[in-house]
Amino acid sequence: MNSMRVNHHPVLGDLETHKEIKIYFDGQEYTAYEGDTIASALLASGVRTLRFHEDKETPRGIYCNIGHCFECRVKVDGKKTVRACLTSAENHMQIESCKALSASEVKGGTL
Amino acid sequence: MIDVVIIGAGPAGLGAAVAAAEHGLQVCVVDEFVKPGGRLLGQLHEEPDGKWVNGIEEAQKLYNQAIGLGVDIRCGISVYDLRKLENTWCVYTTDEMIESKCLLLATGASETPIPIPGWTLPGVMSIGAAQVMGNVHRVKPGEKGIIIGVNVLSVAIARELQLCGVHVESILLPQPGLLAGSAGNPEKMMESLLRLSHLAPSPLIRMGGKWVSPKLGARLFPKNGFKMWGIPIQLRKAALEILGDNQVEGVRMAEVSANGEVLPGTEKTVSADFVCIAGGLTPMAELASVAGCSFCYVPELGGHVPLHNEFMQTNLAGLYIAGNITGVESAKVARAQGKVAGLSMARELKALVYGGNEKLYAAVEEVTETRRNALIQFQPGIEEARKELHRKFDETYKQKLVSI
């Protein structure tokens with residue numbers, strides 16, 4: 001767990017100790033640090049796929065990390081279209097990946 | 001109603017907040033990100049004297065200064081609409097609507113994506129995304145990365161990723177084509193790279209920067225690239241496709257001619273677990289469009305910028321801009337521009353006293369000085385392009401705006 005963390009850095013120094021919190025992504029528990037965004041917490045645990053394209057079902061992850069592209073949109077505690085890169089991870093947060101829409105939900109069969 | 005709302009808590013926004021609050025104005029700064037500092041946060045570079053500049057510390061200093069002056073800084077809030085009533089700007093945020101007499105847009109820049117096949121795979125991200133992941137969140141974007149797009153920003157961030165313990169396999173060009181623009185042209189990229197040559201640890205490139213013409217440089221560029229900090233920079237290789245089933249597994253690449261044409265029979269696949277796309281920066285000016293500003297297309301400044309003058313005024317009364325929304329430059333220039341905007345707003349609101357005008361003119365001068373001393377020039381001809389832009393503004397709007 002947290003193998004992707006930059007614990008030591010020659011210029012920025014060692015990573016300060018952060019309070020650990022628990023978040024849930026698609027039901028699976030992950031450890032995050034206080035101060036993480038949802039995107040950084042999940043990436044630290046090796047999770048890269050945050051959603052599947054509504055129509056094509058292809059996997060998507062973060063792209064711009066500044067809230068501009070909306071590629072990292074997830075569902076948080078039932079709220080839709082939350083940008084993982086701009087949202088702080090909070091203890092016990094329930095995060096869900098967005099799934100492809102069923103044919104009946106898609107207008108005319110395509111987006 | 002408060003005096004000033006500033007959108008963006010980066011160096012420009014916070015710089016402006018400090019200048020305005022120092023003159024007694026009531027200031028509120030909003031920012032979408034969870035922490036203040038904007039793109040200062042990711043920055044980490046070595047000055048010529050060997051000292052490291054840590055953007056996180058710089059941001060903290062500015063933040064403390066602003067908070068000390070009573071500035072209200074709200075993070076994690078997005079602005080989605082602006083409206084002008086008679087003498088009031090209404091700023092619609094995801095939190096509440098805020099009304100102010102003056103409004104400053106310090107929204108910064110966004111990266112231009114280069115959509116090449118496979119770019120939607122998880123593990124492909126903009127170069128700036130990787131920078132923030134590593135330096136701010138202290139999470140590696142992957143173990144072994146390939147950077148597509150050779151420019152000032154990508155080379156600098158490659159070095160930063162290396163400091164985070166990430167292996168950068170190579171920096172190469174995107175396949176030339178309509179969507180890559182000049183990013184796929186070795187000559188153009190050589191020109192961009194040469195502006196960084198004085199920072200290069202390799203004496204070969206440092207010297208090269210002084211005498212190599214971009215044309216000659218691109219032609220003479222060795223097949224296997226130059227190395228900077230041990231990272232091969234390959235102007236004669238182009239990425240054709242990012243490969244992987246569910247996430248990045250590698251990049252299919254080929255050698256290209258000095259004009260950027262793919263050489264048949266040179267294709268190969270190199271493995272990587274993440275890919276960064278570096279297409280350069282462009283001013284992020286959506287809110288200026290929403291507000292109804294006039295725009296100008298200025299390639300030297302990175303694209304379409306709101307028309308403005310050296311006092312950071314737009315053509316709409318009470319609306320100011322500062323930082324990369326006015327053109328892509330360094331954080332130091334952004335901060336100096338922020339100071340000008342803060343003082344300009346203080347002047348409009350009659351808060352400039354005791355030699356205030358001199359202060360404002362000195363701040364304008366400081367922007368030019370900072371620009372001339374900048375370590376990295378993102379584009380050639382910035383100063384001339386800005387002069388021309390200001391001239392256009394004066395020609396059209398000087399008569400209409402009060403108290404310039």
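Is Cys64(A) buried or exposed? I looked up its accessibility first. Cys64(A) is buried, because its relative accessibility is 10%. Buried means under 20% relative accessible area, exposed over 50%, and partly exposed in between, with a 1.4 Å probe and protein chains only.

This is a predicted model, in which local features need pLDDT of at least 70 and side-chain atom pairs count only at pLDDT 80 or more, while totals for chains, interfaces and linings use all residues. Residues are numbered from 1 along each chain as its sequence is written, chains are lettered from A and ligands numbered from 1 in the order written, and side-chain values use heavy atoms, without hydrogens and water.

**Cysteines**

A disulfide is a pair of cysteine sulfur atoms within 2.5 Å. For Cys64(A), the closest cysteine sulfur is in Cys69(A), at 3.7 Å, so the pair is too far apart for a bond. I also checked Cys293(B), which is buried at 9% relative accessibility.

**Chain B overall**

I counted eleven helices and 21 strands in chain B. These are DSSP runs numbered from the N terminus: helices are H or I with at least four residues, strands E with at least two. Of the 404 residues in chain B, 57% are buried. I then took contacts between residues at least 6 apart in sequence; 63% of them join residues at least 24 apart. Contact means heavy atoms within 4.5 Å.

**H1 against H2**

How do H1(B) and H2(B) cross, and at what angle? Their axes come within 9 Å and cross at roughly 30°. H1(B) is therefore roughly parallel to H2(B). Axes are lines fitted to C-alpha atoms, for helices over the stretch in contact, with angles from 0 to 180 degrees between N-to-C directions. Under 35 degrees counts as roughly parallel, over 145 as roughly antiparallel, 65 to 115 as roughly perpendicular, the rest as oblique. I noted the partners: Pro11(B), Leu14(B), Gly15(B), Val18(B) and Glu22(B) of H1(B) meet Ala59(B), Leu62(B), Tyr63(B), Gln65(B) and Ala66(B) of H2(B).

**Two loop residues**

I looked at His23(B), in the loop between H1 (11-22) and strand S2 (27-31) of chain B. His23(B) is buried, at 14% relative accessibility. Leaving out residues up to four places away in sequence, His23(B) touches Leu343(B), Ala346(B), Ala351(B), Leu352(B) and Lys359(B).

Val150(B) sits in the loop between strand S11 (144-148) and helix H4 (152-163) of chain B. Val150(B) is buried, with a relative accessible area of 0%. I placed its C-alpha atom 9.2 Å from that of Gly280(B), 130 residues apart along the chain.
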